[in-house]
Protein chains: 2
Amino acid sequence: MKNSCKEILMDKGLKNTRHRERILEVFKKSDRPLTAEEIFLILKSNSENSCLSTVYRTVEVFEAKGLVLKSNSIDDGKARFEFNTKEHKHHVICTRCHQIIFINECPFSEFEKKLKDKIDFDITGHKFEIYGYCKECQDQ
Amino acid sequence: MKNSCKEILMDKGLKNTRHRERILEVFKKSDRPLTAEEIFLILKSNSENSCLSTVYRTVEVFEAKGLVLKSNSIDDGKARFEFNTKEHKHHVICTRCHQIIFINECPFSEFEKKLKDKIDFDITGHKFEIYGYCKECQDQ
DNA sequence: AATGCAAATGAGAATGATTTGCATTAAAAA
DNA sequence: TTTTTAATGCAAATCATTCTCATTTGCATT
């Protein structure tokens with residue numbers, strides 16, 4: 001079968017360990033960015049014995065290999081990690097309940113090109129995040 | 001004189017203390033976002049006796065009143081604070097030297113309106129950040 | 001299947017930014 | 001000026017994250 005966790009790891013030149021497989025599975029199943037601790041707790045609830053520092057090390061390796069994306073957008077002092085689907089997407093973040101909605105549209109490609117010349121900056125990426133209140137939180 | 005630190009504080013219903021005035025001055029003079037420690041060191045070098053926890057408490061109050069903006073974009077584990085000029089602006093961040101360049105253009109206002117209807121989200125703001133290498137860092 | 005080696009892991013201690021509790025001090029109200 | 005209230009300084013606590021080191025595991029080779 002294609003794109004199994006095992007294959008993905010091999011592909012990136014990573015040693016295939018139980019731990020990495022499990023964490024990759026967690027990422028694939030999750031529809032939102034997770035904190036290291038959340039990942040740790042999910043593993044634990046699946047009766048995987050693990051520890052926080054290993055989770056941190058694993059997501060660090062995954063990030064270095066481009067498998068996951070890290071972000072600090074939710075300003076609660078915790079980093080969050082999500083599977084890198086390679087789709088270009090952006091986050092819409094509810095300021096109240098911290099729900100994250102994904103959008104795929106991106107209106108900035110031309111804008112970036114203009115900017116590149118204007119300020120002589122070698123652009124490698126961008127982040128666009130929208131803040132506000134989601135449907136549920138608007139009434140409160 | 002208008003917009004003195006004293007006036008700004010009164011305006012926000014904040015008690016006017018030496019400490020707050022000084023920190024507000026630091027923000028006004030700075031052309032880049034500062035960490036709490038940087039603010040603390042600037043105060044110290046101005047022979048203001050202060051302490052880190054007070055700086056943290058002060059910027060927290062300022063943030064709550066909309067006087068400063070907080071961000072965790074530079075992923076070095078330190079929050080940064082900048083004076084809220086109310087101008088709509090965005091950051092261009094050098095991934096290597098962490099320099100921050102400000103840009104005032106914003107191509108997203110129409111895009112936001114469309115989105116507002118589409119996903120029923122009450123948008124209060126957005127953040128657009130561009131990453132890459134600045135002129136100086138491109139050659140390295 | 002056994003072996004060796006490098007890399008990964010677990011457990012807990014260490015680090016560093018940020019917060020908190022509390023006694024003291026300073027600002028605003030009376 | 002006195003009273004009331006909130007801000008400050010200091011030290012200790014907290015919390016996310018990183019590090020250390022002894023042990024284990026994956027994987028290539030025998």
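How many residues of chain B are in contact with chain A, and how many of chain A with chain B? I worked on a predicted model. I found 34 residues of chain B in contact with 33 residues of chain A.

**Entry: the interface between the chains**

I looked up the buried area next. Chain B and chain A bury about 3,200 Å² between them. Carbon and sulfur atoms account for 63% of that area. I then asked which residues of chain B lose the most area to chain A. They are B:Phe111, B:Phe121 and B:Lys127, and together they make up 19% of what that side buries.

I turned to the charged pairs. The count between chain B and chain A is one salt bridge. I noted A:Lys70 and B:Asp75, whose side chains meet in a salt bridge at 3.1 Å, N to O. For polar contact, I got two residue pairs between chain B and chain A, both residues being at pLDDT 80 or more.

Which elements of chain B give two or more residues to the side that touches chain A? I listed strand 4 (90–94), strand 5 (100–103), helix 5 (109–119) and strand 6 (122–133) of chain B. Strand 6 of chain B gives the most to that side, with twelve residues. I also sorted the residues of this side of chain B by type: 17 are nonpolar, seven polar and ten charged.

**Entry: symmetry**

A rotation of 178 degrees, with 0.0 Å of shift along its axis, superposes chain B on chain A with an RMSD of 0.4 Å. I wrote this down as the relation of a two-fold axis. In chain B, the C-alpha nearest the axis belongs to B:Phe128, 2.2 Å from it.

Do the copies meet through the same surface or through different ones? I found that 97% of the interface residues of chain B are also interface residues in chain A, so the copies meet through the same surface.

**Entry: two domains in chain A**

I looked up the domain assignment of chain A. It gives domain 1 (1–85) and domain 2 (87–140). The C-alpha centres of these two domains of chain A lie 23 Å apart. In chain A, ten residues of domain 1 are in contact with ten residues of domain 2.

The area buried between domain 1 and domain 2 of chain A is about 800 Å². I noted that carbon and sulfur atoms give 53% of it. Which three residues supply more than any other three of the area that domain 1 of chain A buries against domain 2 of chain A? I found A:Ser73, A:Ile74 and A:Thr85, which supply 54%.

Across the interface of domain 1 and domain 2 of chain A, the rule finds one salt bridge. I also noted that the side chains of A:Lys89 and A:Glu82 meet in a salt bridge at 3.4 Å, N to O. The two domains of chain A share three residue pairs in polar contact, both residues at pLDDT 80 or more.

**Entry: salt bridges overall**

Over all chains, the count comes to 14 salt bridges. I picked one to follow. A:Arg18 forms a salt bridge with A:Glu48, and their closest N and O atoms are 3.0 Å apart. This pair links distant parts of the chain, 30 residues apart. A:Arg18 is in helix 2 (residues 18–29) of chain A. A:Glu48 is in the loop between helix 3 (36–45) and helix 4 (52–64) of chain A.

Terms used:
Residues are numbered from 1 along each chain as its sequence is written. Chains are lettered from A and ligands numbered from 1 in the order in which they are written. This is a predicted model: local features need pLDDT of at least 70, side-chain atom pairs count only at pLDDT 80 or more; totals for chains, interfaces and linings use all residues. Side-chain values use heavy atoms; hydrogens and water are left out. Copies are superposed by least squares on the C-alpha atoms of residues with pLDDT of at least 70 in both. Contact means heavy atoms within 4.5 Å. Domain bounds come from an automatic or database domain assignment. Buried area is the accessible area (1.4 Å probe) that two parts lose on being put together, summed over both. A salt bridge is a side-chain nitrogen of Lys or Arg within 4 Å of a carboxyl oxygen of Asp or Glu. A polar contact is a pair of N or O atoms within 3.5 Å; within protein, one must be able to donate a hydrogen and the other to accept it, and residues adjacent in sequence count only if both atoms are side-chain atoms. Helices (H or I, at least four residues) and strands (E, at least two) are DSSP runs, numbered from the N terminus. Ala, Val, Leu, Ile, Met, Phe, Trp, Tyr, Cys and Pro count as nonpolar, Asp, Glu, Lys and Arg as charged, and the others, Gly among them, as polar.
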